[in-house]
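User: Could you walk me through this one? I'd like to start with the overall picture and then get into details.

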Amino acid sequence: MIPFPELETIVEPVAPGAAGGTSAALWWWLLAGVLVAVVLMLGWMWLRAVSRRLAVPGLPPEAAREALRRLEELGARQNADGLVVAEEVSEIIRHYLDRSTGVMARYATTPELMGRVRRRVPPPLPAVAVFEGVLAACDRVKYGAGAEERAALIASAVAAVEASQSAPLPEPVRPASLNTTQAAVPPIPNAPVA
């Protein structure tokens with residue numbers, strides 16, 4: 001028969017922490033620290049998002065102040081040609097509309113801004129519609145159909161900027177909930193059937 005190996009002596013278990021190893025309490029403290037850091041970071045991100053939503057008014061006052069300042073500087077200039085004034089007033093108003101309402105006014109003509117180019121286009125925002133007369137006067141001067149006085153043009157632009165600050169903006173579009181039934185979309189004519 002094969003001899004059975006001799007059993008070694010059983011060593012008594014060492015008390016936790018007595019051998020100089022890491023204790024389970026240290027791991028819990030590290031886990032708690034990471035958890036607190038994550039919670040603080042998420043809280044900071046949430047507060048930033050909430051403060052951005054609350055701090056953004058309908059029309060940014062800095063855009064209006066900048067437009068009014070630039071119009072005032074333009075009015076203070078001496079020996080300015082009517083054509084140059086009309087071009088600069090148009091550029092100032094279009095830049096203001098771009099910054100304050102989000103309408104890409106710098107890249108659109110006056111009829112496009114006022115919704116008169118295409119059928120079935122919704123009317124412009126009230127903050128944009130205020131500028132119809134000013135932009136039309138600038139266009140008349142730029143294209144030689146009228147000779148507006150520069151002081152009157154600048155005064156009407158200043159009045160329109162001030163009036164646009166009190167113009168209401170539409171409510172933001174909210175996505176429809178999944179529980180509501182949406183209107184049926186009409187079929188596209190001459191579309192292939194799937």
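This is a predicted model: local features need pLDDT of at least 70, side-chain atom pairs count only at pLDDT 80 or more; totals for chains, interfaces and linings use all residues.

User: How do H3 and H6 sit against each other?
Analyst: The axes of helix H3 (residues 82-101) and helix H6 (residues 132-142) come within 9 Å and cross at roughly 145°, and this crossing of H3 and H6 is left-handed.

User: And which residues in H3 and H6 meet?
Analyst: On the H3 side they include Leu-83, Ala-86, Val-89 and Ile-93, while Val-134, Leu-135, Cys-138 and Val-141 are among those in H6. By class, the contact of H3 with H6 has 8 nonpolar, 2 polar and 4 charged residues.

User: Switching topic, how many salt bridges does the count come to?
Analyst: The count comes to 5 salt bridges. One of them joins Arg-70 and Glu-91, whose closest N and O atoms are 2.5 Å apart. Arg-70 lies in helix H2 (residues 61-76) and Glu-91 in helix H3, so this pair ties together parts that are 21 residues apart in sequence.

User: What about Glu-88, which residue does it meet in a salt bridge?
Analyst: Glu-88 meets Arg-77 at 2.9 Å, N to O, and since Arg-77 lies in the loop between H2 and H3 while Glu-88 lies in helix H3, the pair ties together parts 11 residues apart in sequence.

Methods:
Residues are numbered from 1 along each chain as its sequence is written. Side-chain values use heavy atoms; hydrogens and water are left out. Axes are lines fitted to C-alpha atoms, for helices over the stretch in contact, and angles run from 0 to 180 degrees between N-to-C directions. Helices (H or I, at least four residues) and strands (E, at least two) are DSSP runs, numbered from the N terminus. A crossing is left-handed if the near helix is turned anticlockwise from the far one by less than a right angle, and right-handed if clockwise. Contact means heavy atoms within 4.5 Å. Ala, Val, Leu, Ile, Met, Phe, Trp, Tyr, Cys and Pro count as nonpolar, Asp, Glu, Lys and Arg as charged, and the others, Gly among them, as polar. A salt bridge is a side-chain nitrogen of Lys or Arg within 4 Å of a carboxyl oxygen of Asp or Glu.
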